Amino acid sequence: MNFNEFQNQSRLYVIGALEPEELEEFEKERKKFGKKAEDFITKCYALHEAFALSLRPAKASTAIKDRLMSMVKAKHQA
Amino acid sequence: MKPSKLVASTRPKPKKRVRLAKSGARSQPVLPQLEPGAPSDFDLMKGIQRGDPDALSQLYDRYNGILKALILRVIHNEAEADDLLQEIFMEIWNQAKNFSAQKGKPLGWMVTLARRRAIDGLRKKQAYARAEERLQNETEQQPDAWVHNATEEEIELSDTRRLIRKVIKSLPPPQQQAIDLAFFRGMSQREIAAKTNTPLGTVKTRLELGLKKIYDGLKELKDEL
């Protein structure tokens, strides 16, 4: 696999779309390409952020934040 | 184009309107800018790592709308989405020590975490079949619902969102659908092939081409994404 092919696979990898046999091969190539591979995979995670930002924000129930902060504060004080 | 505004989100409005940058020209900011003096997302993550509940509160105010939209896109249930949103912010609080600024931005980390939890939640609650049925109906009625589920008149888009949607809209519908099923449904290539009655190789090609186009499009926005 050349690096261009690895890049294609990386984009599939970050969205969890690699099939098991492809994943095995991908991990081998990932080791082979080392830091260059890790840097590229990190960049690919920007796709996650982009997909989330492409959606219209939804309104959460106001009670959710109150419940969350009560739990966090209780845990923080424990 | 109508003036843009974030809907149901407490994120500050951008100070400037921005346009999709052409190659070599991306001097303008893309994500909405924070108020002067407001802590950055990285500052808030550091606060959470130190155990400051106020930092989590601010991060929640900034991103609950985006994360809930993502969860809803996966599980299609308002009450479950709220519960999951709470669990996810609790996990952000508990797992903040695992966040590393070298591996990306806080929003990316949170989205990755939220997506995984939402897809896990979908499967655990055995609502998959029901959601599949709903998705099937959606797909039949609105093949490209991901990007065309409302008109621009109905939604006032933030600048950032509008730019990203523009990139996504530029893809052929089959590529959009393949990416939608993989990202928001957690489907494998084989599952997508079976669902859409498409050869596996075609699904792979659609995913590769579509993701590459989006990735390349986002390069124009890379200072912010």
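How many residue pairs are in polar contact across the interface of chain A and chain B? I began my notebook with this question, and I kept in mind that the model I was reading is a predicted one.

**Entry: the interface**

I looked up the polar contacts and found 19 residue pairs across the interface of chain A and chain B, with both partners at pLDDT 80 or more. I then asked which elements of chain A take part, and I noted that α1 (3–14), α2 (20–33), α3 (35–44), α4 (46–53) and α5 (62–77) each give two or more residues to the side that touches chain B. Of these, α5(A) gives the most, with 10 residues. Sorting that side of chain A by class, I wrote down 23 nonpolar, seven polar and 12 charged residues.

Next I turned to the extent of the interface, and I recorded that 42 residues of chain A are in contact with 62 residues of chain B. I had read that the size of an interface is often given as the accessible area lost when the parts come together. For chain A and chain B, the buried area is about 4800 Å², and carbon and sulfur atoms give 66% of that area. I also noted that A:Glu49, A:Phe51 and A:Leu53 supply 14% of the area that chain A buries against chain B, which is more than any other three residues supply.

**Entry: salt bridges**

My reminder for this page was that side chains of opposite charge can pair when their charged atoms come close. I found 19 salt bridges over all chains of the structure, and the count between chain A and chain B is five. I looked up one example, in which the side chains of B:Asp61 and A:Lys65 meet at 2.8 Å, N to O.

I also looked up a salt bridge in chain A, where the side chains of A:Glu29 and A:Lys32 meet at 2.8 Å, N to O. Where do these two residues stand relative to each other in helix α2 of chain A? They are three residues apart in that helix, so about one helical turn separates A:Glu29 from A:Lys32.

**Entry: helix pairs in chain A**

I noted that two packed helices are described by the angle between their axes and the distance between the axes. The axes of α2(A) and α3(A) come within 5 Å and cross at roughly 115°. In this pair, A:Phe26, A:Arg30 and A:Phe33 of α2(A) meet A:Lys35, A:Lys36, A:Ala37, A:Glu38 and A:Ile41 of α3(A), and I sorted the contact residues into four nonpolar, no polar and four charged.

For α3(A) and α4(A), the axes come within 4 Å and cross at roughly 5°, so I described α3(A) as roughly parallel to α4(A). Here A:Thr42, A:Lys43 and A:Cys44 of α3(A) meet A:Ala46, A:Leu47 and A:His48 of α4(A), and by class I listed three nonpolar, two polar and one charged.

**Entry: a helix pair in chain B**

From α2(B), the contact is made by B:Leu70, B:Arg73 and B:Val74, while α8(B) brings B:Asp180, B:Phe183, B:Phe184 and B:Arg185.

Definitions and conventions. Residues are numbered from 1 along each chain as its sequence is written. Chains are lettered from A and ligands numbered from 1 in the order in which they are written. This is a predicted model: local features need pLDDT of at least 70, side-chain atom pairs count only at pLDDT 80 or more; totals for chains, interfaces and linings use all residues. Side-chain values use heavy atoms; hydrogens and water are left out. Contact means heavy atoms within 4.5 Å. Buried area is the accessible area (1.4 Å probe) that two parts lose on being put together, summed over both. A salt bridge is a side-chain nitrogen of Lys or Arg within 4 Å of a carboxyl oxygen of Asp or Glu. A polar contact is a pair of N or O atoms within 3.5 Å; within protein, one must be able to donate a hydrogen and the other to accept it, and residues adjacent in sequence count only if both atoms are side-chain atoms. Ala, Val, Leu, Ile, Met, Phe, Trp, Tyr, Cys and Pro count as nonpolar, Asp, Glu, Lys and Arg as charged, and the others, Gly among them, as polar. Axes are lines fitted to C-alpha atoms, for helices over the stretch in contact, and angles run from 0 to 180 degrees between N-to-C directions. Angles under 35 degrees count as roughly parallel, over 145 as roughly antiparallel, 65 to 115 as roughly perpendicular and the rest as oblique.
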